[in-house]
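Let's take a friendly walk through this protein together. Have a look at the model, then read on.

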Amino acid sequence: MKLSIKDYNQLKTIISAERIKQREIDLLAYASDAGFYEIKPIAIVFPTNEGEIQQLFKFCLLKKIPITIRAGATSLSGQTVGSGIILDISQHWRNVTAFENAVKVQPGVTGSMVNLQLKKYKSKIGPDPSSIHAAMMGGILSNNASGMCCGVAHNSYHTLSSLAFILTNGNIYNSSKSDDYIRFIKNEPKIVNAISEIQNHLINNHALTEKIRSKYKIKNTVGYSLNSFIDYVHPLDIFIHLLIGAEGTLAFISEAVLKTIPDKPFKATGLLLFETIANACNAIESLKSSGAEALELMDFASLESIKHLHGVPETVQMAKNGNAALLCEYQDMNEENLKRQVINSELLKFDGLISKPNYTFNYEEQLSIWKIRKGLFPSVGAVRARGTTVILEDIAFPLQNLSEAIEDLQLLFKKYNYDNAIIFGHAKDGNIHFVVTQSFDNEADTNRYKNFMNEVVELVVSKYHGSLKAEHGTGRNMAPFIETEWGTEAYEIMRKIKFAADPDNILNPGVIINEDKEAHIKNLKSLPAVEEEVDKCIECGFCETSCPSKDLTLTPRKRIVIRRSIAKLKKFQDRIVLNELLKDYKYDGLDTCAVDGMCAVNCPVDINTGDLVKRLRTENHSSIQNRISEVISKNLPLVERSIRSGLKLLDLLPNSVKNYFLNGHYTHPKKIAVTSLTDQTAFLYFPTCVSRIFNNQELHDSELAVLLAKKAGIHLHVIQNNVGLCCGQAFSSKGFEKAASIALSKTIEAIYAQSLHGKIPVVVDVSSCTVNLKHAGKLLTGEVLAKYNLIEFIDSVEFINDYLLPTIKIKEKLPQVTLHPVCSLQKLGLNKKFENIAKFCANEINIPSSTGCCGMAGDRGFLVPELTNSALSIQLGEIKQGQNAYCSSSVTCNLNLSKHTKQPYHSVFEMVYKASS
């Protein structure tokens with residue numbers, strides 16, 4: 001179902017057509033989120049301001065069309081899928097204003113981006129969910145997110161200072177304005193009267209009031225935040241706190257001001273391994289009393305699911321059946337205090353402790369440990385049986401009952417044959433998550449899950465008086481059980497709140513208030529077996545923020561969602577829709593993918609959707625296209641000379657024509673340095689094809705590299721006869737693997753010969769080519785592969801930092817430099833070295849907080865220029881003008897950035913040369 005032509009035309013008068021999506025590919029891409037429900041909408045809209053929201057609400061009320069508000073879509077309970085219009089705020093609501101003790105945010109900015117802005121004040125927001133790099137503030141507020149360290153004291157509810165919101169009647173209020181307190185009472189009699197009636201009811205009902213107090217002593221996001229009636233008096237204060245955790249069912253949150261907390265700079269992180277999960281639970285209280293900020297529980301099944309991941313600590317590797325671990329972290333503003341805490345912690349005695357924690361103070365090692373914990377949910381999903389769905393539930397118990405409750409839960413796993421179920425979570429708060437996987441292919445499968453959940457509800461609510469949802473929001477999967485947990489009286493209060501604020505029930509209907517007691521087992525998502533990358537993905541959305549095409553077409557997650565949709569359509573033989581989907585997927589899924597692999601960096605299980613796209617591109621090539629690519633690959637010297645000659649002709653053209661292509665920051669190709677190979681040669685320098693062809697500097701990098709190496713007392717030899725040598729990336733990124741192999745083989749033969757059979761390391765001048773060369777073995781076979789394995793490739797950034805800086809002297813530091821760390825540097829783990837070089841060369845370093853892939857992807861920016869326009873749309877506003885230098889380690893990225901910023905981006909060699917000459 002889609003909008004009628006009449007309704008679509010009317011909607012276009014509110015929101016411009018380019019910000020309305022209703023193609024089948026778009027509807028299916030938005031039919032699912034990180035949870036396990038699937039509901040196809042009728043349209044997706046991208047409003048940019050409050051006025052458009054007001055008009056959209058008016059339109060939807062008139063047409064009786066439901067609205068689901070969607071931000072990062074990392075929700076796990078079905079909150080961001082709906083059958084009406086999806087209101088996507090992820091693209092135009094990203095403003096952040098940081099203050100000394102607070103921060104003002106719009107709902108479309110990620111939590112990590114907010115914390116990045118707060119770094120200058122050495123503070124952060126209270127909520128710290130594991131999805132903070134992908135979760136946006138709209139969801140963090142609307143789910144009352146908490147996380148690893150914040151507990152119940154620093155969640156969204158308790159750190160809220162003020163809120164701006166829009167009701168379905170179009171009225172806008174902002175609790176930071178004193179006049180709005182008067183306006184709210186005057187203009188919203190239904191809401192105010194409902195709040196007053198509830199207040200009076202609670203005053204006269206001591207038992208219910210005490211129940212509310214008791215239930216919020218532990219984490220609880222089931223239903224609406226009834227504690228607001230106890231904590232606040234004025235109807236507007238009560239209402240804005242009801243919006244926290246309301247999951248977009250009462251109003252649209254357009255802005256919030258949150259109180260911040262100190263970001264303690266000194267941290268110590270370690271893992272404790274115990275004989276049993278009961279031993280681990282029994283240690284929690286002592287560790288908590290010793291000052292531990294975070295205590296993350298992982299049962300044996302959790303540890304087993306991550307043993308195969310890169311960088312897993314030895315403690316995890318040594319775990320045996322029945323063992324459990326606690327990730328323990330101490331934090332402090334003072335380093336000496338932190339060390340004392342760690343020493344005191346190590347003196348604590350615990351029953352069943354197998355391995356004492358080896359606390360690390362190293363930031364990179366801490367990140368590695370936390371990545372393992374934060375990636376548990378996706379990691380389990382990645383190793384599940386093909387075709388099964390991942391279900392994550394989120395419950396909390398009083399801490400004194402945690403051990404017994406977990407044992408009972410494990411018995412339920414056995415009873416219902418959830419053999420691969422895992423348990424992990426925020427043990428300090430008695431908050432655990434459990435993951436089960438199963439298919440929903442038949443009624444028996446669905447009934448198994450239904451009966452299991454009924455027993456879980458009984459266990460949590462009746463036996464241990466816990467919370468059915470601790471921090472992930474009620475959503476569709478717990479809506480049928482709100483009354484069970486809270487009782488009929490409290491549930492009727494929640495119903496009164498919903499229909500006073502949203503009397504027409506157009507805001508996220510079915511989420512929180514849902515009279516269907518089987519809503520949690522309807523619209524369940526199926527994950528058919530498709531391809532290796534696709535099958536591992538659980539659609540968590542962690543990959544999306546780093547994707548350059550996220551605001552243009554599809555994200556990695558959505559590319560995978562559509563691949564699954566294609567598989568389903570093939571199964572049901574729906575050829576009409578399938579053909580439409582395949583046609584649109586060529587551009588949205590394949591052509592606009594930068595294949596930069598950054599999605600794998602953020603993915604907990606290293607899914608590289610770029611590899612999938614390259615393979616699909618290969619499958620789409622005709623035999624003629626493959627033959628043409630191979631001919632080009634075999635004749636690269638001729639191709640390169642032709643391109644270089646053509647580019648030189650640009651200098652003969654008027655500036656207006658040159659500016660059309662490269663905004664005046666391009667000069668024709670320069671000559672490559674000529675050197676000789678001697679006994680003193682320490683390194684070879686490989687001038688890649690893109691650096692040989694394109695140039696925007698007075699001297700080529702090879703000349704600069706030779707001059708800088710001479711200053712450092714290092715003999716650097718530039719590989720000669722280099723015309724036509726290519727790492728093959730230009731072909732492999734487009735899916736022409738045979739052509740890539742031909743080009744690469746020729747290059748390896750030349751490098752092998754000039755490096756004296758691999759004895760001399762090879763410096764590569766473009767970082768993306770370095771990455772490609774370091775992982776190019778899969779394209780080679782036989783003797784060439786053997787030669788390749790003997791060659792050591794070093795990126796230019798690593799070469800400069802490790803070999804040149806120790807001996808080069810800086811003549812005069814540059815006042816300021818703006819850096820663009822390209823994707824490849826992050827994949828190589830060289831960002832810190834890149835920054836170190838810049839600090840060596842300049843007094844002030846600027847890196848835009850929104851820096852990401854620029855979308856150039858070698859030549860992708862030339863072929864699909866709208867990709868770079870979209871990728872750089874936010875970053876451009878952060879780049880300072882008039883800096884002394886602008887720098888990245890990729891010549892094509894430099895050209896792209898120069899074109900868009902109208903500032904001359906140059907190489908790392910150029911930056912060092914400027915400062916040392």
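Strand β3 pairs with strand β4 (residues 85-88) in the parallel sense, over four bridges. Two strands count as paired if DSSP finds at least two bridges between them. Across this pairing, Arg70 stands opposite Asp88 in β4.

Both strands belong to an open sheet of four strands, in the order β1-β2-β4-β3, with mixed pairing. At its edges lie β1 (20-21) and β3 (67-70), each of which pairs on one side only. Helices (H or I, at least four residues) and strands (E, at least two) are DSSP runs, numbered from the N terminus.

## How the model is described

This is a predicted model, in which local features need pLDDT of at least 70, side-chain atom pairs count only at pLDDT 80 or more, and totals for chains, interfaces and linings use all residues. Residues are numbered from 1 along each chain as its sequence is written, and side-chain values use heavy atoms, leaving out hydrogens and water.

## The whole chain

Now step back: the protein chain has 43 helices and 25 strands. Its C-alpha trace spans about 90 × 70 × 55 Å along the principal axes. The radius of gyration is 29 Å, which agrees with the value near 29 Å for a compact globule of 917 residues. This radius is taken over C-alpha atoms, and the globule rule is 2.2 Å times the number of residues to the power 0.38.

How much of the chain is buried? Of the 917 residues, 62% count as buried, where buried means under 20% relative accessible area, exposed over 50%, and partly exposed in between (1.4 Å probe, protein chains only). The accessible surface comes to about 35800 Å², and 52% of that belongs to carbon and sulfur atoms. Accessible areas come from the Shrake-Rupley method with a 1.4 Å probe; for residues, only the protein chains shown count as cover.

## A buried lysine

Is Lys215 buried or exposed? Lys215 is found in helix α9 (residues 206-215), and it counts as buried because its relative accessible area is 12%. Leaving aside residues up to four places away in sequence, Lys215 touches Asn220, Gly466, Ser467, Glu485 and Trp486. Contact here means heavy atoms within 4.5 Å.

## A partly exposed isoleucine

Ile628 is found in helix α28 (residues 623-634). With a relative accessible area of 47%, Ile628 is partly exposed.
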